[in-house]
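Reader: I would like to learn how to read a helix, and then a ligand site, from a model of this kind. Could we take them in turn?

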Amino acid sequence: MSDESFISIKNISKHFGDVRACDDITFDIRRGEFFALLGPSGCGKTTLLRMLAGFETPTMGEIFIDGQPMAAIPPYERPVNMVFQSYAIFPHLSVAQNIGFGLRKDKLSKAEMDKKVDEALDLIAMAGYGGRGADELSGGQRQRVALARALIKKPKVLLLDEPLGALDKKLREQMQLELRDLQREVGITFVFVTHDQEEALTMSDRIAVMRDGKALEIDGPVDLYEKPKTPFCADFLGTMNFFEGSIDAIGGGEATVKTTEVGTIKSTGPNMNFSTGDAVSAAIRPENMKISFDKPTSGSFMEGKVRASAFLGDRAHVYINVEGRKDPVLTAMQNMGGAASRVGGDDHTVWLTWSDESVILLPQE
Ligand SMILES: Nc1ncnc2c1ncn2[C@@H]1O[C@H](COP(=O)(O)OP(=O)(O)O)[C@@H](O)[C@H]1O
Ligand SMILES: [Mg+2]
């Protein structure tokens with residue numbers, strides 16, 4: 001066992017009757033890493049997490065944690081603890097009693113117990129709250145107490161199933177940062193389930209993007225966003241304009257794609273492993289397509305008409321109709337100095353420009 005493969009998931013499948021909740025999943029999680037399982041509802045995230053915890057038995061495959069095969073190890077003997085979305089804390093107990101709950105069988109003296117609980121309260125920035133009733137807490141505080149209770153036993157791995165799902169947006173964003181800091185502080189490996197792309201991007205060292213029971217791509221947030229290898233991942237993490245076509249020429253880190261709708265698009269971006277004639281999409285992120293009110297004199301561009309713009313305050317999404325193309329092209333612009341509020345949606349002619357480096361070649365689905 002190395003730190004690289006602290007958790008090893010090998011060919012794991014879980015079938016419920018005809019449903020393949022997890023379908024031949026293989027990857028490793030590093031020691032001390034904040035690792036997210038990201039995917040749409042029903043893709044198998046919770047099932048995989050429950051197999052790590054020992055609450056479900058794999059139909060096939062093996063799981064190792066810290067070099068130890070987990071097959072014969074019941075949940076309560078595994079070096080893991082789990083935190084759920086519906087913070088399962090006891091409303092009739094105090095905060096301190098809730099946090100100390102997992103220690104009650106450890107035969108500690110009262111002083112030792114109090115010390116551990118105080119340390120845990122410090123960790124979640126709730127020193128002095130020990131005597132409070134758990135039913136007197138806000139949602140965010142309750143979730144912190146659930147975390148402290150899970151961490152007090154110092155598990156090697158903390159499994160978190162959409163733990164911030166019940167919180168409103170502002171609190172959720174604040175807790176994302178707090179949880180990330182907490183993980184760095186305790187150095188425990190976190191495996192975090194979410195269906196929220198931004199949450200996974202904000203918090204994780206690495207992300208496994210899942211779909212239909214499979215782990216499609218595993219990488220760090222920046223690489224997954226900037227160099228996706230599948231159309232699903234490109235679209236799920238953020239938004240993408242796809243221009244479908246086939247490779248016209250490729251070589252020397254450069255390719256041209258003959259698209260079916262908008263002529264030829266050049267790419268000097270990632271993913272050059274294609275051959276002439278391959279069906280691909282030339283994919284460009286909205287923020288990499290800029291609107292110009294004058295016809296460019298050089299570089300790559302296409303002409304279009306502003307169809308609509310959605311003003312979002314800090315930025316705007318502008319939809320551009322391009323002749324020959326069915327769906328409008330989406331661009332995103334920052335509202336710096338009021339730029340976004342001046343675009344309008346009145347069908348006037350504009351040009352979209354982009355850099356060839358930002359064009360990502362992807363296989364077609
Ligand atoms: N105990 C179960 N019995 C039958 N089907 C299940 C069970 N648990 C999960 N499933 C199915 O397995 C698939 C994956 O579920 P789940 O792991 O909960 O997805 P996620 O957490 O990504 O939303 C879904 O189709 C779900 O209905
Ligand atoms: Mg789930």
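Reader: Which are the buried residues of H3?

Author: Bear in mind that this is a predicted model. A residue counts as buried if 20 or more other C-beta atoms lie within 10 Å of its own, and in H3 the buried residues are Val117, Ala120 and Leu121.

Reader: Why do the buried residues of H3 line one face of the helix?

Author: The general idea is that an α-helix has 3.6 residues a turn, so residues three or four places apart point the same way. In this case, the buried residues of H3 fall within an arc of 100 degrees when seen down its axis, so they line one face of the helix. On the other side of H3, the exposed residues are Ala111, Glu112, Lys115 and Asp122.

Reader: Against which helices do the buried residues of H3 pack?

Author: They pack against helix H2 (95–100) and helix H4 (139–151). As for its length, H3 covers residues 110–123 and reaches 20 Å from its first C-alpha to its last, close to the 20 Å expected at 1.5 Å a residue. Just after H3, Ala125 takes a positive phi of about 55 degrees.

Reader: Turning to the ligand site, which residues are around ligand 1?

Author: Among them are Phe16, Val19, Ala21, Gly39, Lys45, Thr46 and Thr47. Strand E2 (19–29) and helix H1 (45–53) are the elements that give two or more residues to this shell, and H1 gives the most, with three residues. Sorted by class, the shell around ligand 1 holds four nonpolar, six polar and one charged residues.

Key:
Residues are numbered from 1 along each chain as its sequence is written. Chains are lettered from A and ligands numbered from 1 in the order in which they are written. This is a predicted model: local features need pLDDT of at least 70, side-chain atom pairs count only at pLDDT 80 or more; totals for chains, interfaces and linings use all residues. Helices (H or I, at least four residues) and strands (E, at least two) are DSSP runs, numbered from the N terminus. The expected span of a helix is 1.5 Å times one less than its number of residues. A residue is buried if 20 or more other C-beta atoms lie within 10 Å of its own, exposed if 12 or fewer, and partly exposed in between; C-beta atoms are placed from the backbone. The arc is that of the directions from the helix axis to the C-beta atoms. Two residues are in contact if their C-beta atoms, placed from the backbone, lie within 7 Å. A residue is near a molecule or strand if its C-beta atom, placed from the backbone, lies within 6 Å of it. Ala, Val, Leu, Ile, Met, Phe, Trp, Tyr, Cys and Pro count as nonpolar, Asp, Glu, Lys and Arg as charged, and the others, Gly among them, as polar.
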